[in-house]
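Let's walk through this model together, with an eye on its charged side chains and its strands. Keep the 3D view open as you read.

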Amino acid sequence: QIQLVESGGGLVQTGGSLRLSCAASERTFINYAMGWFRQAPGKEREFVATITWSGKGTSYADSVKGRFTISRDNAKNTVYLQMNSLKPDDTAVYYCAARWALGLAILYKQGSDYTVWGQGTQVTVSS
């Protein structure tokens, strides 16, 4: 089964930027739809962004639209989350997730849609 490893988290000031990466262990990565979710202390996990297997379809939570960009490089088996104009409310553990899509151009926004999860990376935005 595919495995996912996130990186790129850290501490940044309000208004700053970070780019998260999620590397997959297998070349079958191209067959997976990918998503980013986050969970802040004391809060439920929430959807952030998703991307289809081809990268041609993306969708974002309203709270990050216009500030975050999800992308993927299928040659590198990696999905990215570029985060700009960060706010303290963006502080959370960020998780990438994968779901076997086999060519389907569907945007999956529910955590229950995904079957494989990374270990998470902490993002802290200071005010």
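Lys65 and Asp62 form a salt bridge, with 3.1 Å between their closest N and O atoms; the term is used when a side-chain nitrogen of Lys or Arg lies within 4 Å of a carboxyl oxygen of Asp or Glu. Asp62 counts as exposed, at 67% relative accessibility. For the labels used here, buried means under 20% relative accessible area, exposed means over 50%, and partly exposed is in between, using a 1.4 Å probe and protein chains only.

Before going further, a word on what you are looking at. This is a predicted model, in which local features need pLDDT of at least 70 and side-chain atom pairs count only at pLDDT 80 or more, while totals for chains, interfaces and linings use all residues. Residues are numbered from 1 along each chain as its sequence is written, and side-chain values use heavy atoms, with hydrogens and water left out.

How many salt bridges does a search of the whole structure find? It finds four. Another one joins Arg67 to Asp90, whose closest N and O atoms are 2.7 Å apart. This pair links distant parts of the chain, 23 residues apart: Arg67 sits in the loop between strand E6 (58-60) and strand E7 (68-73), and Asp90 in the loop between strand E8 (78-83) and strand E9 (92-100). Strands (E, at least two residues) are DSSP runs, numbered from the N terminus. Arg67 is buried, with a relative accessible area of 10%, and Asp90 is buried too, at 1%. Salt bridges that share partners join Arg67 and Asp90 with Arg38 and Glu46 into one network.

Now turn to Arg38 and Glu46, whose side chains meet in a salt bridge at 2.5 Å, N to O. Arg38 counts as buried at 5% relative accessibility, whereas Glu46 is partly exposed at 33%.

Next, have a look at strand E5. E5 covers residues 46-51, and five of its six residues are buried. Strand E4 (residues 32-39) runs antiparallel to E5, and five bridges join them; two strands pair if DSSP finds at least two bridges between them. Across this pairing, Met34 stands opposite Ile51 in E5. The two strands form a hairpin with six residues between them, and Gly42 in the turn has a positive phi of about 75 degrees.

E5 also pairs with E6 in the antiparallel sense, over three bridges. Here Ala49 stands opposite Tyr60 in E6. In the hairpin of E5 and E6, with six residues between the strands, Gly55 takes a positive phi near 85 degrees.

How values were computed: Helix = DSSP H or I, 4+ residues; strand = E, 2+ residues; numbered from the N terminus.
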